[in-house]
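Please look through the sequence and the structure shown here before reading on. The report that follows takes up the sheet, a helix, the surroundings of the ligand and a few single residues.

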Amino acid sequence: MHNPFLVANRIYMRRLEKEDLEGNYFQWLNDQTITKWMRHGAFPNSPESMNAFYENLSGSKTDIVLAIVLKEQDRHIGNIGLHSINYVFRSAEIGLIIGETDCWGKGYAAEAFSAIADYSFKKLNLNRIAAGVVDENIGSIRALEKTGYKKEGILRQAYFCDGQYHDCVNLSLLHSDWLAGRAHESI
Ligand SMILES: CC(C)(COP(=O)(O)OP(=O)(O)OC[C@H]1O[C@@H](n2cnc3c(N)ncnc32)[C@H](O)[C@@H]1OP(=O)(O)O)[C@@H](O)C(=O)NCCC(=O)NCCS
């Protein structure tokens with residue numbers, strides 16, 4: 001493992017590094033299959049926008065983005081981020097991409113969501129993590145629900161993806177949900 005920050009079962013998470021911007025990550029954001037249910041992909045990705053994103057992250061206490069890396073091959077397969085972290089409300093928004101499509105459906109998203117929840121509640125002392133997902137992004141909704149996120153409402157026609165308007169499904173995980181989930185696991 002190279003500079004691990006959060007270590008899970010099959011994956012670890014580390015700070016995003018400049019070299020990552022030149023790997024497959026660049027193309028993930030251009031790929032219309034990967035970005036089908038995302039805001040990305042509306043405009044071509046550029047080194048300038050990647051660099052600006054990267055520079056904005058360095059030293060930020062309100063946005064934390066980590067590379068998701070397979071332990072076995074030390075392969076960068078995606079990113080997970082906490083955004084708009086509010087230390088008064090003790091809340092944040094979560095985002096995730098598994099960019100390597102051969103890694104879909106293997107439980108990596110669920111593993112990363114779980115590790116970041118542990119970090120959010122046990123280290124950052126957050127109380128709430130929110131997610132907004134396109135209604136047809138079943139994989140994402142399922143991975144969040146497996147982690148303990150609960151649906152809390154929809155934003156009607158908030159997204160335009162794949163040729164039509166889609167509702168945004170809002171989900172959230174509270175610290176109390178997380179503790180209840182852990183207690184259930186240890187029974
Ligand atoms: C959607 C995405 C996050 C799912 O990640 P993943 O690592 O493949 O998800 P997991 O393997 O942890 O799957 C979690 C659950 O969802 C199910 N699932 C995953 N993809 C699915 C799909 N396309 N359709 C139906 N179910 C799916 C899995 O079977 C699993 O359920 P199970 O444990 O009951 O079998 C990933 O495909 C991705 O990053 N896509 C592109 C970017 C994106 O959409 N990001 C999310 C923006 S909010």
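## Strands and their pairing

In this predicted model, Asn-86 has Ser-91, a residue of strand S5, as its bridge partner. Strand S4, which covers residues 75-86, is joined to S5 by seven bridges, and the two strands run antiparallel.

These two strands belong to an open sheet of eight strands with mixed pairing, and the order across the sheet is S1-S2-S3-S4-S5-S6-S8-S7. At the edges stand strand S1 (6-7) and strand S7 (150-161), and because each has a single partner strand, one side of each is left without a neighbour in the sheet.

## Helix H3

Helix H3 is made of 15 residues, and the distance from its first C-alpha to its last is 21 Å, which is close to the 21 Å expected at 1.5 Å a residue. How many of the residues of H3 are buried? The helix is mostly covered, since 12 of its 15 residues are buried.

## Around the ligand

The shell around the ligand holds 19 residues, of which Ile-98, Gly-105, Gly-107, Asn-137 and Lys-146 come nearest. When the shell is sorted by class, 11 of its residues are nonpolar, five are polar and three are charged.

Several polar atoms of the protein can be followed to oxygen atoms of the ligand. A polar side-chain atom of Lys-146 lies 2.7 Å from a ligand oxygen, a polar backbone atom of Lys-106 is 3.1 Å from an oxygen atom of the ligand, and an N or O atom in the side chain of Trp-104 is 3.4 Å from a ligand oxygen. On its own the ligand has 920 Å² of accessible area, and the protein covers 70% of that area. Which elements give two or more residues to the shell around the ligand? They are strand S5 (91-98), helix H3 (108-122) and helix H4 (138-147), and the largest share, six residues, comes from H4.

## Two asparagines with positive phi

Most residues other than glycine have a negative phi. Against that background, Asn-3 can be picked out, as its phi is near 50°, a positive value in a residue other than glycine. Asn-3 lies in the segment before S1, and because its relative accessibility is 48%, it counts as partly exposed.

Asn-125 also has a positive phi, near 60°, and is likewise a residue other than glycine. This residue is found in the loop between H3 and strand S6 (128-134). Is Asn-125 buried or partly exposed? With a relative accessibility of 45%, Asn-125 counts as partly exposed.

Terms used: Residues numbered from 1 in each chain as written. Predicted model: local features only at pLDDT ≥ 70, side-chain atom pairs only at ≥ 80, totals over all residues. Heavy atoms only, no water. Near = heavy atom within 4 Å. Polar contact = N/O pair within 3.5 Å; in protein donor to acceptor, adjacent residues only side chain to side chain. Areas by Shrake-Rupley, 256 points an atom, 1.4 Å probe, with all protein chains shown as cover. Helix = DSSP H or I, 4+ residues; strand = E, 2+ residues; numbered from the N terminus. Nonpolar A, V, L, I, M, F, W, Y, C, P; charged D, E, K, R; others polar. Pairing = 2+ DSSP bridges. Expected span 1.5 Å × (residues − 1). Buried < 20%, exposed > 50% of the residue type's maximum accessible area, 1.4 Å probe, protein only.
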